[in-house]
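This report walks through a two-chain model, from the make-up of each chain to the contact between the chains and a few individual residues. Please keep the sequence and the structure in view while reading.

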Amino acid sequence: MRILLVEDDRMIAEGVRKALRGEGFAVDWVEDGEAALSAASGESYDLMLLDLGLPKRDGLDVLRTLRARSVALPVLILTARDAIADRVKGLDAGADDYLIKPFDLDELGARMRALIRRQSGRSESLIRHGSITLDPASHQVTQDGLPVALSAREFALLEALLARPGAVLSKTQLEEKMYGWGEEIGSNTVEVYIHALRKKLGADLIRNVRGLGYMIAKDA
Amino acid sequence: MSSIRRQLLFWLLAIVVAGVSLAGWLIYRQALAEANELFDYQLQEIAAALPSEPFNEILSSRDTGTEGIVLQIWNRNGVLMYYSHPRAPLAPRAELGFSTERTDRGDWRVYGAIVGDNVVQLAQPMTVRNRLAANVAWRTLWPLIVLLPFLGLAVWMVVGRGLKPLSRVARALDTRHPEALEPLPEERLPREVTPLVHALNALLERLAQALDTQKAFVADAAHELRTPLAAVQIQAQLVARARDDETRREALGDLQAGVTRATRLAEQLLALARSEPDGHARAQSVDLHALLDDCVLNYAPLAQQRGVDLGIEESADAHVHGDADALRVMFNNLLDNATKYTPAGGRVDVRLIVNDGHPLVRIEDSGPGIPVDERARVFDRFYRVGANANRARTDVSGTGLGLAIVRRIADQHDATIALGDSPAGGLQVELRF
């Protein structure tokens, strides 16, 4: 899952980035409203974490502009503005959720997963596919009821593919889901992780569509 | 406790009593003059009514001892022919016309006249006249004296009624919620109470303003504390989540930095709150030269660590009246800003000169400076340069309170701050005492 983090306080941004990376999210961080707009318009994200008091362009302004451009990206506002009027304004401007600083990282993670789940049209928090069950919250994957140990990157890759069964995801798209900006990506890392997943979960789970990318077939 | 009501009552009654007494005396004098006229006329008439033929001596036998009118008659040869009250204390001689004779039994009014062959003298004690005049005065005044208590009661009630608006104002203030600082109504007030209520309203307005400022400050402070606290919470949770020692050590370092930042903000808020009341600074003579030396000396190691050349270019002898601790906080904030925003390799120059008898402190740096359109706003609480401008914020962490504190302390010392461009290309802060 690829997240756009818009936050002008370096300490908070660093902390959130580290925490989310540990949960298998790929995080891109921008510090001001202008950069947030261009990033959100140019690249595809699964979620935006948006601070309101931003340099150059206020967070609410960024949000309204995005919604005016029909960008449907789920947005979670992270702010110190705690007045009810501010919350109402934020949600009315097009935010999907609102979290007040200081916040708990576990709660942030849970809210993010809920937003992503809703975005993908699922009501259940667990993702099931055949004998495989994936829990985005606990990062647990089980096959036939038995736990399967996956690394954070392997998990991110599997989650991306399971989120849209039947859809072909290109190597670049998959890399985007796994890595944030500035993270070192090896030339054949996707292949390496696909290989590892096939080894752990069965060779025929992930199919290769030559020249296009990878997919997981819709439930038979 | 002095009571307006009691004082008014006392003085009004005192004035009334004094007035009544004066009136009584005047009436008495008037009545006495009239009685004199009347009785003199009576004496004259009696004398004229006496027979004018020569008398044979008639020795008086009806002397009862109480003197009404005493009659003496002498014949042409000066022989006392008749004396109505031989025991009267009158001198045995006659004087023509009216006269007042002083005797050991009081003053007597005496009238002597020649009637035919006789000399007649009529005498009457003045006490009769005095008593009459006193009676007249008393009869005129006694209703007033009887009315005096009622007058006092009326005064008491009228004054109470007159003071009603005051107690109304007091009641209105008394039943007020402590937060309710809206002005008292000024209409329907007597002219004498209006200035009081007006002054009270002005005070209430100032209080409301001060309270609003305080509230805004507390709200700002609470809001601004959220950010560093949010960072600390995240960092603490990252420490808890760390799986290996390396990550944990790194996370702990971050947490330490986060706590330091939160502490710094709390300290700055405290400094601002301490300098909050807009009164004047404690006045004591401060050696500016020595104080500035000390501040620069304290900052030198930090500046060196940041790779900034901090030094005093010139320092005159100057003293100001003020609070040495507050001035130190002010200089420290300015030096902190200058060394913080000046990139490594830059310099910060401090000057203390005396211009027109005013000490002038100048701190010049070679940092990025502050854009002209932001110079007025940097003294606002929590304002940080670049927050709204079309340029990136500096990398330096700060609380946004430093210059607000500087402004507050400068104001308390009647010093003016001017921001300008330094010769080195950065910011020049000029403090003029």
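## Terms and basis

Two residues are in contact if their C-beta atoms, placed from the backbone, lie within 7 Å. By that criterion, and not counting residues up to four places away in sequence, B:Gln235 touches A:Gly15, B:Ala251, B:Asp254, B:Leu255 and B:Gly258.

The model is predicted, local features need pLDDT of at least 70, side-chain atom pairs count only at pLDDT 80 or more, and totals for chains, interfaces and linings use all residues. Residues are numbered from 1 along each chain as its sequence is written, while chains are lettered from A and ligands numbered from 1 in the order in which they are written.

## The two chains

Chain A has eight helices and 11 strands, and chain B has eight helices and 12 strands; helices (H or I, at least four residues) and strands (E, at least two) are DSSP runs, numbered from the N terminus. Of the 220 residues in chain A, 41% are buried, and of the 433 residues in chain B, 25% are buried. A residue is buried if 20 or more other C-beta atoms lie within 10 Å of its own, exposed if 12 or fewer, and partly exposed in between, with C-beta atoms placed from the backbone.

Among the contacts in chain A with a separation of 6 or more, 58% are between residues 24 or more positions apart. In chain B, 64% of the contacts between residues at least 6 apart in sequence join residues at least 24 apart.

## Where the chains meet

The contact between the chains takes 17 residues from chain A and 20 residues from chain B. On the side of chain A that touches chain B, helix 1 (residues 10-22) gives the most, with eight residues. That side of chain A holds nine nonpolar, two polar and six charged residues, where Ala, Val, Leu, Ile, Met, Phe, Trp, Tyr, Cys and Pro count as nonpolar, Asp, Glu, Lys and Arg as charged, and the others, Gly among them, as polar.

Two packed helices are described by the angle between their axes and the distance between the axes. The axes of helix 1 of chain A and helix 5 (residues 245-274) of chain B come within 11 Å and cross at roughly 150 degrees; axes are lines fitted to C-alpha atoms, for helices over the stretch in contact, and angles run from 0 to 180 degrees between N-to-C directions. Helix 1 of chain A and helix 5 of chain B are therefore roughly antiparallel to each other, a term for angles over 145 degrees. In this pair of helices, A:Met11, A:Glu14 and A:Gly15 meet B:Asp254, B:Ala257, B:Gly258 and B:Arg261, and by class their contact has two nonpolar, two polar and three charged residues.

## A sheet in chain A

An open sheet of four strands in chain A has the order 6-7-8-9, with antiparallel pairing; two strands pair if DSSP finds at least two bridges between them. Its edge strands are strand 6 (127-129) and strand 9 (146-148), each of which pairs on one side only. Neighbouring strands of this sheet are turned by 25 degrees against each other on average, direction ignored.

Strand 6 and strand 7 (residues 132-135) of chain A run antiparallel and are joined by three bridges, and A:His129 stands opposite A:Ile132 in strand 7. Helix 6 (residues 152-163) of chain A lies across strand 6, strand 7 and strand 8 (140-143), running at about 110 degrees to strand 7.

## Two buried residues

A:Leu49 is found in strand 3 (residues 47-50) of chain A and counts as buried because it has 27 C-beta neighbours inside 10 Å. Leaving aside neighbours within four places in sequence, A:Leu49 is in contact with A:Ile3, A:Leu5, A:Val6, A:Val16, A:Leu76 and A:Leu78.

B:Gln235 belongs to helix 4 (residues 194-241) of chain B and, with 24 C-beta neighbours inside 10 Å, also counts as buried. B:Gln235 and B:Gly253 are 18 residues apart in sequence and 9.1 Å apart in space, C-alpha to C-alpha.

## Backbone details in loops

The peptide bond from A:Lys101 to A:Pro102 is cis, with omega near -5 degrees, and A:Pro102 is found in the loop between strand 5 (97-100) and helix 5 (105-119) of chain A.

In chain B, B:Asp356 has a phi near 60 degrees, a positive value in a residue other than glycine. B:Asp356 sits in the loop between strand 9 (347-355) and strand 10 (358-365) and is exposed, with 6 other C-beta atoms within 10 Å.

Definitions and conventions: Parallel < 35°, antiparallel > 145°, perpendicular 65-115°, else oblique.
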